[in-house]
Amino acid sequence: MIRNIFKVFCGFLAVCGTAASLTSCSDSFLEEKQNYEAIGQDVYNHYEGALGRINDLYGWCLPSASGNLDWRYPSVGRADDAGKSTEEYTSFSDFVNGETYSLSSTTKENTVPDFYGGQNMNDVTTAVYGAVRNINNAIEGIQASSLNEEQKNKLLGQAYFFRAWTYYKMVKWYGGVPIVDKVLEPTPSSFVQRSSAKACFDFIISDLNQSAALLSPYTTNGGWSSNEDYGRITSGTALALKGRVLLLWCSPLFNRANDPARWTAAYNTMSADLATIKACGYGLYGEGNPGVNGSTFANMFATLGKNPEAVFFTLYNNRVDFSGYADDVKNNKWERDIRPSNTGGGGISPSSMIVNLFPMSDGKHPASYTSYDKLDASTIPYDPQYPFIDRDPRFYRTFAFPGVRWAYTAGGHGDATAMDGNNPSYDGGANYALWNYVWFYAGDSLDVNNTNYRGADNLGGTRGIMVRKRSDDADVNSALYDYRPDGQGAKNGGEAVPFCSAAPYMELRYAEVLLNLAEVAAMTGHTSEAYGYIKDIRRRAGYTGDCGVTESADPATCISAILYERQIEFAFEGKRFDDMRRWMLFDGGTELPTGAPNSWKPTGWNNDVCNWLGFKKFNGQRREGFIYRVKPNYTVSSARQSFDQDPLVEQGVARPAAVDLRQDLTAQLDNLKTWYDTYLTYMERPGDERYSDYTLKYIKFLPQYYFLGFSYSVSNHNNGLLQTIGWQDYNTGGAWGTFDPLAE
C-alpha cells in the first residue's frame with residue numbers, strides 16, 4: 001500500500017511555476033533559476049525512476065486531513081474559513097463577516113484568501129503553478145521516454161488525474177484561470193492569460209477522460225491487482241471526480257440561465273460512468289449491514305485496508321518512530337483534535353444550528369428547525385434541551401453529548417492521568433464517558449456573556465456537545481491509533497501527539513458519487529431515480545422502508561432533499577461550503593457585485609435560487625452555541641472555580657451509566673433525559689460574534705465572494721493577469737476587474 005508517498009524529487013523544481021507569474025520577476029531572479037532542471041530525461045527511461053516522479057506527484061497533490069484550507073488542501077471539516085461559513089460551526093469566517101468589513105484585493109489588511117498560491121515566488125511548493133509545472137514535467141518526460149506503452153499508460157493516467165485535480169481546485173474559486181499544459185521557459189515571454197471557465201472545465205474533463213481511459217485496463221477489475229498499489233488513482237477515481245466537476249458546471253454558480261442541455265449531458269455521462277466506477281471496486285461501505293445505531297457508518301471512516309467507499313483518499317500510519325526518513329511518520333491529526341481535552345485532545349464544538357437540523361428517527365427534519373420549506377417536517381416532538389432523543393442514527397456517530405460513552409483504547413492502556421493527574425482514567429480509556437456539563441457559583445450572573453464557569457472531569461468550559469464524526473471509536477473497530485498519554489510518543493511540529501491515528505482521509509467517497517448523480521437525475525426528470533440514491537445511502541445508516549423520504553416530481557423539492565441529505569451525510573467533511581456556493585444559498589444570487597453584467601442574474605432560477613428551492617437564505621441568520629449547566633440548587637458557593645469542585649460530586653449525585661451505542665438506545669436515552677431533567681439546565685451561549693455593545697451581528701456573505709478575486713500579492717507577482725469582476729485590481733491602481741468567469 002502507498003501509505004507513505006515520498007517526495008523523492010521534491011527539490012528538482014526550483015523555479016516559480018506559471019509563466020504568468022514571471023512578468024514581474026527581476027533579471028537576477030531568472031538568473032538564479034536558470035539551472036532548474038536537476039532531473040535529466042534519462043530518469044524517465046527507467047520505470048522505477050518514472051514511478052518515483054509519479055509518487056512525487058502524490059506527495060504534492062494528495063489532500064491532507066491535517067492541512068489548512070489553501071490552494072493545496074481543500075477543506076476537510078475543520079473550523080476553517082469554509083467550515084465557519086456554514087451551519088456547522090460558530091464564529092464568523094472572513095467570508096460571512098460582511099456586516100463588519102469586506103475582503104480586499106489591493107491591501108494587506110483584510111486581504112482576500114489566496115487559493116491561487118502565488119504569495120511566495122521563491123518557493124515553488126507554495127505556488128499552485130509550481131505543482132502544475134511539476135505535473136507537466138512528469139507528463140512530458142514519460143511521453144518522451146523509452147518505456148513501453150503499458151508502463152507509460154499506467155503512469156500518465158495518474159499524472160493527468162492530478163493535473164485535473166489541481167485545476168479543479170482553482171476553477172471552483174476563480175472561474176477561469178491560465179491553462180498551462182506544457183513546461184514553459186521561465187521567461188516573461190511565456191506569459192499566459194486567464195482562459196474562460198468553459199475552456200477550463202473542458203480541459204479538466206479532457207484530462208480526467210484521458211486518465212480513466214489509460215488506467216482502465218489495470219483498474220476496472222476491482223481496482224489495482226497489487227495490494228502495494230492500493231491508494232493509487234483508478235479509472236473510477238477519475239470518473240468520480242469528473243462527476244463532481246460536471247455537477248459544478250451545471251449548478252447555479254456557473255449556470256445562471258439553468259441551461260437544460262448541461263444537465264442532460266451531465267446525466268447521460270455520469271449514468272454511463274457509474275458502471276466503470278463500480279467495476280473499480282467502489283460501492284457503499286457496509287451496504288446491507290447497517291450495524292447497530294449507525295456503527296457501520298462510523299466504522300467506514302476508520303477501516304484499514306480496501307474500503308469500497310474510498311474513491312479518492314489519503315492513507316496514513318500511526319508510527320511514532322522517527323528513525324530513518326521523517327516521512328515515515330504520517331499521522332492523521334483528526335482524532336487528536338476532536339477528542340476531549342481530558343484525554344489530551346483539543347475538542348471541537350459544533351453550532352446549535354447543525355445539531356438541531358439533523359433528522360429525527362423518521363428521517364424528517366425537526367419541526368421549526370430547517371431551512372428547507374419544501375420538505376416535510378417530522379411529527380416526532382423535538383426539544384433542543386434533549387437533542388439526543390429519537391434522532392437519525394448518524395446523529396449519534398456525528399456528535400458526542402454529556403453522558404455518552406466514547407471509548408478510545410480497547411485494551412485500556414490509555415490512562416490520561418499520566419498526562420494530567422486531574423484527568424479521569426475511565427479504566428485507561430476503555431470505558432471513557434464524556435461528562436462535560438458546567439457550573440457557575442452561587443450568586444453569579446447567568447447572563448449569556450458570562451463565561452465564568454468550570455466543567456466536570458477537568459474539562460474546563462467546554463460546550464454542551466462535541467463533534468464525534470470520523471472518530472476511530474474503540475467500540476466499533478480495532479483502533480488505528482497509538483495512544484501515548486505520557487506525551488513521549490510522536491511529535492508533530494514539536495508538539496506531543498497522544499493520538500497517532502492511521503485513519504484514512506476520504507476526499508471523495510462513493511456516497512458522493514451517488515448524490516452527485518442524484519442531482520443531475522433530479523434536474524432531468526428522473527426524480528424517482530434520484531430519491532432511490534438517497535434511500536440507498538439511508539439504508540446504510542440503518543433506515544428501512546421508505547427511509548423517511550417523501551418523493552415528489554418537483555425538481556426543486558427533490559434537489560432540496562438531496563442538499564439536506566448531503567448536509568447530514570457529509571457533515572464535518574468539508575463539503576457543505578462548496579454546496580452553499582454552487583447553489584448560491586447565501587442570498588440566492590439576488591445581489592450582484594460591482595461591474596457584473598445582467599447575465600449574472602439567476603434568470604433560470606426565477607431570479608432567486610433560494611426562493612426556487614424554498615431555502616431560507618443563510619444571510620441574515622446567526623449560529624449559537626449552548627451548554628448544560630448544573631441547576632442553581634446544586635451550584636457551589638465559592639467564587640473559586642477549580643476542577644475538583646463539581647457540585648454534583650460534592651453532593652453525592654450519582655451519574656447514570658454512560659449511553660452505550662452498542663446497545664439499544666431507547667431506555668438508555670430516556671434514563672439520561674430524566675437525569676438531565678433533575679440536575680442540568682440547557683443554556684444558549686453566544687456563538688457568532690456580537691458588537692462591542694453586545695448587539696447581534698448577522699451572517700453576510702457578499703456577492704463578490706461567489707467568485708474570488710486575486711489578492712494583492714498574486715497580482716503583484718502576476719502583472720497583466722486580469723482581475724475578476726467585483727474585485728479591484730492592484731496592478732491598475734484599484735480599477736475594477738474585467739474578467740468575467742461566466743463568459744464563454
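**Cavities and a proline**

Modeller: In this predicted model, α4 (149-174), α6 (235-250), α12 (510-522) and α15 (576-582) each supply at least two residues of the lining of the largest cavity. The biggest share comes from α15, with four residues.

Colleague: Which residues lie nearest the centre of the largest cavity?
Modeller: Y168, R244, D578, D579 and R582, out of 14 lining residues. The volume of the largest cavity is about 150 Å³.

Colleague: What kinds of residues make up the lining of the largest cavity?
Modeller: Nine are charged, four nonpolar and one polar. Asp and Arg count as charged, so D578, D579, R582 and R244 go in that group.

Colleague: What lines the second largest cavity?
Modeller: Residues including F301, W334, R470 and Y505. Both α9 and β12 (505-509) give two or more residues to the lining of the second largest cavity, which divides into six nonpolar, two polar and three charged residues. About 100 Å³ of space lies in there.

Colleague: Why is P340 called buried?
Modeller: Buried means under 20% relative accessible area. P340 has 1%, so P340 counts as buried. You'll find P340 in the loop between α9 (334-338) and α10 (352-357).

Colleague: How do you know that P340 is in contact with L459?
Modeller: Contact means heavy atoms within 4.5 Å, and L459 is on the contact list of P340, along with G345, W406, Y432, L434 and M466. The C-alpha atoms of P340 and L459 are separated by 7.5 Å, although the two are 119 residues apart along the chain.

Conventions. Residues numbered from 1 in each chain as written. Predicted model: local features only at pLDDT ≥ 70, side-chain atom pairs only at ≥ 80, totals over all residues. Heavy atoms only, no water. Buried < 20%, exposed > 50% of the residue type's maximum accessible area, 1.4 Å probe, protein only. 1 Å grid on protein atoms, 1.4 Å probe; cavity = no way out; pocket = protein on both sides within 12 Å on 5 of 7 lines; lining within 4 Å. Points joined across faces, edges and corners; volume = space filled by probe spheres on them. Lists of a residue's contacts leave out its neighbours within four places in sequence.
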